[in-house]
Amino acid sequence: MKKEWREGEGFRLGLDGERGEFFALVGTESWAIELTRSEFSEFRRLALALAQTMDSMALMDQESLTCELECADLWMEVEGFPQDYGLRFILHRGRGCEGEWKSAIGLVRALEALDPELKLDDSKNQNSLVSLQP
């Protein structure tokens, strides 16, 4: 697997298949965490599902939305407007961590643009809990 590094306003995202257990890095300019292949797979899956939900919403001008998803290792929430929302996550199994992006659009676009040949373990934890709060 080749190395990938993406950085933009408010986010950093890196993948390195030769790193061993912790092959992915996510963060901002001021913090970062390394994730296992399984954790990153879940992170990416939940973030893209929440982004798709936000993109599909038709809200009034000043109406914001909060959506969350959870799986075995990770809880994630987006909050804001379809065109500009923040993202928070809590890694709650193993070492534990939480992080936040005030504006997550760049991060989501970087997750979408990852190499489609990227081999991630998407087979586990497909059952997620969904909560929508207007």
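Start by selecting Thr36, which is buried, with a relative accessible area of 15%. Keep in mind as you click along that this is a predicted model.

**Stop 1: around Thr36.** Colour by secondary structure and you will find Thr36 in strand 4, which covers residues 32-36. Now show its surroundings. Leaving aside residues up to four places away in sequence, Thr36 touches Glu21, Phe22, Phe23 and Arg95. For a distance label, pick the C-alpha atoms of Thr36 and Arg19: they are separated by 9.9 Å, with the two residues 17 apart along the chain.

**Stop 2: Lys3 and Asp16.** Next, turn to charged pairs. Side chains of opposite charge can pair when their charged atoms come close. Searching the whole structure gives eight salt bridges, and this tour visits some of them. Select Lys3 and Asp16, which form a salt bridge whose closest N and O atoms are 3.7 Å apart. Lys3 sits in the segment before strand 1 (4-8), while Asp16 is in the loop between strand 2 (11-15) and strand 3 (22-27), so the pair ties together parts that are 13 residues apart in sequence. Is Lys3 buried or exposed? With 57% relative accessibility, Lys3 counts as exposed, because the cut-off for that class is over 50%. Asp16, at 14%, counts as buried.

Stop 3: Glu4 is at 10%, which makes Glu4 buried.

**Stop 4: Arg109 and Glu112.** For the last stop, go to helix 2, residues 105-112. Select Arg109 and Glu112, where another salt bridge has its closest N and O atoms 3.2 Å apart. How are the two placed along the helix? They are three residues apart in helix 2, so about one helical turn separates Arg109 from Glu112. With the surface still on, check both ends of the pair: Arg109 is partly exposed, with a relative accessible area of 36%, and Glu112 is also partly exposed, at 41% relative accessibility.

**Before you close the viewer.** Then bring back Thr36 in strand 4, where the tour began.

Note on methods. Residues are numbered from 1 along each chain as its sequence is written. This is a predicted model: local features need pLDDT of at least 70, side-chain atom pairs count only at pLDDT 80 or more; totals for chains, interfaces and linings use all residues. Side-chain values use heavy atoms; hydrogens and water are left out. A salt bridge is a side-chain nitrogen of Lys or Arg within 4 Å of a carboxyl oxygen of Asp or Glu. Helices (H or I, at least four residues) and strands (E, at least two) are DSSP runs, numbered from the N terminus. Buried means under 20% relative accessible area, exposed over 50%, partly exposed in between (1.4 Å probe, protein chains only). Contact means heavy atoms within 4.5 Å.
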